[in-house]
Amino acid sequence: MKSLRYWFDSNNDTVYASADNTIDWFRIIPFIVLHLACLAVFWVGVSPVAVFTAAFLYFIRMFAITAFYHRYFAHKSFKTSRPVQFVFAAIGASSTQRGPIWWAAHHRQHHRHADTTSDPHSPQDGFLWSHMGWFLTKRFFQADYSLVKDWTRYPELRWLDRFDIAMPVVLALALFGFGEWLHWLKPEWQTNGWQMLVWGYFISTVVLLHATLLINSLAHKWGKRRYNTKDDSRNNFYLALLTLGEGWHNNHHYHASSARQGFYWWEIDISFYLLVFMKKLGLIWDMRTISADKRDHRAGI
Ligand SMILES: [Zn+2]
Ligand SMILES: [Zn+2]
């Protein structure tokens, strides 16, 4: 694993005392089980309804992660009501990427120090480290909660963070029940509780997780740089498709407070389109985007 390096806090003046980059084997058992459980597909088989459910849950949870965990909780690029905030925080939490406060704290740290020694997950420290090494360590199990004081005042969000296993368990149980119910109601669809659990939770969640993590690893390595930002962020069409718009990562590092990450009409940004729809429904408001002037100004390239 990577060697110990100094860790500066958000003011860049004190060193974290517990800079322990060793893997926390006990705490990551669920992460390992999550992957191994996908192998159960050889026993439970496959059906169209199970694959459809997995794809649907990938889509809705990717939206919760990109539009809410990222664009709302980390960057405050729009406003919403407390119930909507909670609903999407809970859907995001079912993605098994820990709670919204922990997620936003590390992401704010990333933007402050992107691709420097204080970035939690820069590919400069190794591709595997930026993809999944960092969050398996003791050091990053905690977060710098001074960066997310705007969210720690909500008890329901603190609850989701503290019991970050709760929503994944709720989803897994619901999927098992759903599969058993379909088995009884529509036996010709050839599904059951175990099959629905494996496809809807385990496979869908593992694919969703690694697609999200590619933004920390690959989106700082592979793609085009439109803007001369201080970091190595890239714009990548394929990653944007996979993550509903997050692949326009160089755009995002250039103007992080924008709810829109595909700056031009040809830069597909599905999360943004859905946010526009939510705005029309009155569920969100005060959405921030980028001015045409700033967007078209490409000094240094
Ligand atoms: Zn980045
Ligand atoms: Zn960001």
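**Exercise 1. Determine where His107 lies in this predicted model, whether His107 is buried or exposed, and which residues His107 contacts.**

*Solution.* Step 1: the secondary structure places His107 in helix H5. Step 2: the relative accessible area of His107 is 6%. Buried means under 20%, so His107 is buried. Step 3: once neighbours within four places in sequence are left aside, the contacts of His107 are His70, Ala74, His75 and His252.

**Exercise 2. Identify the donors of the zinc ion (ligand 2) and describe their spacing in sequence.**

*Solution.* Step 1: the coordinating atoms are NE2 of His70, His75, His107, His111 and His252, at 1.9 to 2.2 Å. Step 2: along the sequence these donor residues follow the pattern H-x4-H-x31-H-x3-H-x140-H. Step 3: His111 in helix H5 and His252 in helix H12 are 141 residues apart, and this pair links distant parts of the chain. Step 4: His252 has 1% relative accessibility and counts as buried.

**Exercise 3. Identify the donors of the zinc ion (ligand 1) and decide what arrangement their angles make.**

*Solution.* Step 1: the protein donors are the NE2 atoms of His110, His220, His249 and His253, lying 2.1 Å from the zinc ion (ligand 1). Step 2: their spacing in sequence is H-x109-H-x28-H-x3-H. Step 3: His110 belongs to helix H5 (residues 100-112) and His253 to helix H12 (residues 249-254), so this pair ties together parts 143 residues apart in sequence. A tetrahedral assignment requires all angles to lie between 85 and 135 degrees.

**Exercise 4. Describe the surroundings of Ala64.**

*Solution.* Step 1: Ala64 is located in helix H3. Step 2: its relative accessibility is 0%, so Ala64 counts as buried. Step 3: not counting residues up to four places away in sequence, Ala64 touches Tyr69, Phe88, Ile91 and Gly92. Step 4: Ala64 and Ser94 are 30 residues apart in sequence, while their C-alpha atoms are 9.6 Å apart in space.

**Exercise 5. State the volume of the largest pocket and find which helices supply its lining.**

*Solution.* Step 1: the largest pocket holds about 870 Å³ of space. Step 2: its lining consists of 38 residues, and Phe31, Thr96, Gln97, Arg98 and Phe135 lie nearest its centre. Step 3: at least two lining residues come from each of helix H1 (29-36), helix H3 (48-74), H5, helix H9 (166-185) and helix H10 (193-217). Step 4: H10 gives the largest share of the lining, seven residues.

**Exercise 6. Relate the UniProt annotations to the secondary structure of the model.**

*Solution.* Step 1: the unreviewed UniProt entry places "transmembrane region" at residues 25-44, 50-69, 163-184 and 196-219. Step 2: residues 163-184 are 86% helix and 0% strand, with end C-alpha atoms 33 Å apart. Step 3: residues 196-219 are 92% helix and 0% strand, with end C-alpha atoms 32 Å apart. Step 4: the unreviewed entry also assigns "domain: Fatty acid desaturase" to residues 49-256. Over residues 49-256 the chain is 61% helix and 1% strand, and the end C-alpha atoms are 38 Å apart.

Note on methods
Residues are numbered from 1 along each chain as its sequence is written. Chains are lettered from A and ligands numbered from 1 in the order in which they are written. This is a predicted model: local features need pLDDT of at least 70, side-chain atom pairs count only at pLDDT 80 or more; totals for chains, interfaces and linings use all residues. Side-chain values use heavy atoms; hydrogens and water are left out. UniProt positions are given in the numbering used here, feature names are shortened, and annotations may be inferred rather than shown by experiment. Helices (H or I, at least four residues) and strands (E, at least two) are DSSP runs, numbered from the N terminus. Donors are N, O and S atoms within 2.8 Å of the metal (3.2 Å for Na, K and Ca); water is not among the atoms, so sites may look incomplete. Four donors count as tetrahedral if all angles lie between 85 and 135 degrees; four count as square planar and six as octahedral if opposite donors are over 155 degrees apart and all others between 65 and 115; anything else is irregular. Buried means under 20% relative accessible area, exposed over 50%, partly exposed in between (1.4 Å probe, protein chains only). Contact means heavy atoms within 4.5 Å. On a 1 Å grid over the protein atoms alone, a cavity is a set of points where a 1.4 Å probe fits but cannot get out, and a pocket is an open set with protein on both sides within 12 Å along at least five of seven lines; lining residues have an atom within 4 Å of a point. Grid points are joined across faces, edges and corners, and a volume is the space filled by probe spheres set on the points.
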